[in-house]
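Colleague: Hi, could you show me how to read a model like this one? I'd like to go feature by feature.

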Amino acid sequence: MAEREYMADLLKWQAEPEKEVCLGDLETIPLGEGRVFLVGTQAVAVFRTRKGELFALDNYCPHQGGPLGDGLVAAGKVACPLHGWLVDLKTGACPHSAQRVRTYPIREENGRLYLTFPVALAHGPEPF
Ligand code: FES
């Protein structure tokens, strides 16, 4: 996805209603790692830090679209596995670019993961 298209999508997304979707068991994500979930048509990388904090971002590096979900997690950031750009897990900010990665609220309840997600992006082949 080109940067301009991604930014236009990000602006549109900010005005859209949201819903909460269940992504399954918390234990599918080992401490200190990330996993990628397909939510509707969107790939979302969910990270569980060694302290047990949860973060969710688009699985899309602002450099060349690398898979952030495969990156190494440390000090509140993920390092893209392709060229090492850092992305802040909480804000989606990237010190290498003015572009920000879209983030999503995520929480755990009774061992299950719940992601708050824009309704429009959740459309698709009913993965839930
Ligand atoms: S694609 Fe992520 S650093 Fe290059």
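This is a predicted model: local features need pLDDT of at least 70, side-chain atom pairs count only at pLDDT 80 or more; totals for chains, interfaces and linings use all residues.

Colleague: What is the mean pLDDT of the chain?

Modeller: pLDDT is the predictor's confidence in each residue, from 0 to 100. Here the chain's mean is 87, with 81% of its residues at 70 or more. Over residues 124-128, though, pLDDT is below 50, and that stretch has five contacts in the model beyond near neighbours in sequence. A contact means two C-beta atoms, placed from the backbone, within 7 Å.

Colleague: How many helices and strands does the chain have?

Modeller: Both are DSSP runs numbered from the N terminus: helices are H or I, at least four residues, and strands are E, at least two. This chain has two helices and ten strands, in the order α-β-β-β-β-β-β-β-β-β-β-α.

Colleague: Is Glu108 buried, exposed or partly exposed, and why?

Modeller: Count other C-beta atoms within 10 Å of the residue's own, all placed from the backbone: 20 or more is buried, 12 or fewer exposed, in between partly exposed. Glu108 has 13, so it is partly exposed.

Colleague: Where does Glu108 lie, and which residues is it in contact with?

Modeller: Glu108 lies in strand β9, residues 106-109. Leaving aside neighbours within four places in sequence, Glu108 is in contact with Leu26, Leu54 and Leu113.

Note on methods. Residues are numbered from 1 along each chain as its sequence is written.
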